[in-house]
Each structure stands twice: as structure tokens, then as C-alpha cells.
Amino acid sequence: MRQVNIYICKTQKSPRRQNGTGCYILEFVTEKGAVTRTGFVELKNETANSAEIILITEALRRLNEKCVLAIYTETGQVSVAVESGWIEKWKQSSWKTEKGTPVHDMEKWDAMSNLLIGHEFHFETGTHQYLEWMNREIKRAEAGKEKRNV
């Protein structure tokens, strides 16, 4: 299976819902070196976690085959939920938490988890090699959006 790295960066940094911009990079590892594809997403009224889920989902939608994935994120909550089996537990309990309350952003979690089926994957949390570049490009994209809205 092909090795693909997914890198995520977003403006949302808190659990508070807010508008922002996110970026992902798909890095296809080849014998001749890395080949990258980039995507930007306008995020409306999203938390840091929901923004991360959206970006991972958008990156996964661009894959045409099952791959070995390394998914690089800024925070650990999404990776913990996936790697600890929370999503499967939520599905089995009709998308309820252990306390019996509905899972926030259930549709987003479900879409991402369905796209991960068949891939071998692991998450890496923290900074990554593209983070500085992605932050600059997000600021540039947001500045261009503000100019268009004037």
C-alpha cells in the first residue's frame, strides 16, 4: 500500500465555536521523493476538534486507494477518540456518550471514521514540518478573503 502523510493546520484553537480557515497537505511518498497536494477549507462555527475532523475528512476524500496513513494533527483529542475506539463505542450506543448524552458532531465523526475504513493509519500530535508554512498560507488566504468582502 502507498504511504501518505496527512498534515492538518487550522485557525481554531479552542473548544469555543468560531469561524476560521483550515489547511491540509496530502504528502504522497514516492521513490523519487514526496509529492504534495494542498487543500484549504473555510470553517464556519467550528470548534478546534470539529475543524480537525473536517480537515481530515476532506483530505481522505481525495484518496483514490487504501493507503498507509500518518495523520499529523495539532491536538490529541481526535486521535485519542479514534485510536481508543470511542467512535466504535459511540456507534454501538446509537451515538451516545457513556453518560447517555448525544455525541457532539456525530455526523462529522461518522464521515471521517467511514473514510478511514481499510486504511492502515496512526496519528502524530504536535508540530510538524509544514506547520509554519501552513500558518502563513492560512493568514494569506484569510487576508484575501477579507479583501473580497470589502
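Strand 2 (18-30) and strand 3 (33-46) run antiparallel to each other and share 12 bridges; helices (H or I, at least four residues) and strands (E, at least two) are DSSP runs numbered from the N terminus, and two strands pair if DSSP finds at least two bridges between them. Within this pairing, Cys-23 sits opposite Phe-40 of strand 3. The model is a predicted one, with pLDDT of at least 70 needed for local features and 80 or more for side-chain atom pairs, while totals for chains, interfaces and linings use all residues. Residues are numbered from 1 along each chain as its sequence is written, and side-chain values use heavy atoms, leaving out hydrogens and water.

The pair belongs to an open sheet of 5 strands, ordered 3-2-1-4-5 with mixed pairing. In general, strands of a sheet pair through backbone hydrogen bonds, in either the parallel or the antiparallel sense. Strand 3 and strand 5 (120-125) form the edges, each pairing on one side only. On average, neighbouring strands are turned by 20 degrees against each other, direction ignored; axes here are lines fitted to C-alpha atoms, for helices over the stretch in contact, and angles run from 0 to 180 degrees between N-to-C directions.

Moving across the sheet, strand 1 (2-10) and strand 4 (67-73) run parallel and are joined by 6 bridges, with Asn-5 opposite Ala-70 in strand 4. Strand 4 also pairs with strand 5, again in the parallel sense and over 6 bridges, and there Thr-73 faces Thr-125. Strand 4 is largely enclosed by the rest of the structure, because 5 of its 7 residues are buried, where buried means under 20% relative accessible area, exposed over 50% and partly exposed in between (1.4 Å probe, protein chains only).

On strand 5, His-122 is partly exposed, with a relative accessible area of 35%. Neighbours within four places in sequence aside, His-122 is in contact (heavy atoms within 4.5 Å) with Leu-69, Ala-70, Ile-71 and Glu-83.

Helix 1 (48-61) lies across strand 1, strand 2, strand 3, strand 4 and strand 5, and runs at about 145 degrees to strand 1. The helix has 14 residues and reaches 20 Å from its first C-alpha to its last, close to the 20 Å expected at 1.5 Å a residue; the expected span is 1.5 Å times one less than the number of residues. Helix 1 is mostly covered, with 11 of its 14 residues buried, among them Ser-50, Glu-52, Ile-53 and Leu-60.

What about the nonpolar interior? A nonpolar core is a set of buried Ala, Val, Leu, Ile, Met, Phe, Trp, Tyr and Cys residues joined through side-chain atoms within 4.5 Å. The largest one holds 30 residues, and those touching the most other members are Ile-6, Leu-26, Ile-56, Leu-60, Leu-69, Trp-109 and Met-112. Elements giving two or more residues to this core include strand 1, strand 4, helix 2 (77-83), helix 3 (86-92) and helix 4 (106-116), but the largest share, 7 residues, comes from helix 1. Leu-69 touches residues including Val-4, Ile-6, Leu-60, Leu-116 and Phe-121, not counting those up to four places away in sequence. A second, separate core of 8 residues includes Tyr-7, Ile-25, Tyr-130 and Leu-131.

Turning to charged pairs, the structure holds 13 salt bridges, each a side-chain nitrogen of Lys or Arg within 4 Å of a carboxyl oxygen of Asp or Glu. One of them joins Lys-10 to Glu-52, with the closest N and O atoms 3.3 Å apart. This pair links distant parts of the chain, as Lys-10 is in strand 1 and Glu-52 in helix 1, 42 residues apart. Lys-10 counts as buried at 1% relative accessibility, and Glu-52 counts as buried at 0%. Glu-74 and Lys-13 form another salt bridge, their closest N and O atoms being 2.9 Å apart. Here Glu-74 comes from the loop between strand 4 and helix 2, and Lys-13 from the loop between strand 1 and strand 2, 61 residues apart. Lys-10, Lys-13, Glu-52 and Glu-74 are linked in a network of salt bridges.

Arg-136 and Glu-132 also meet in a salt bridge (3.3 Å, N to O). Both lie in helix 5 (residues 131-148), 4 residues apart, about one turn of the helix. Arg-136 is partly exposed, with a relative accessible area of 43%, whereas Glu-132 counts as exposed at 61%.
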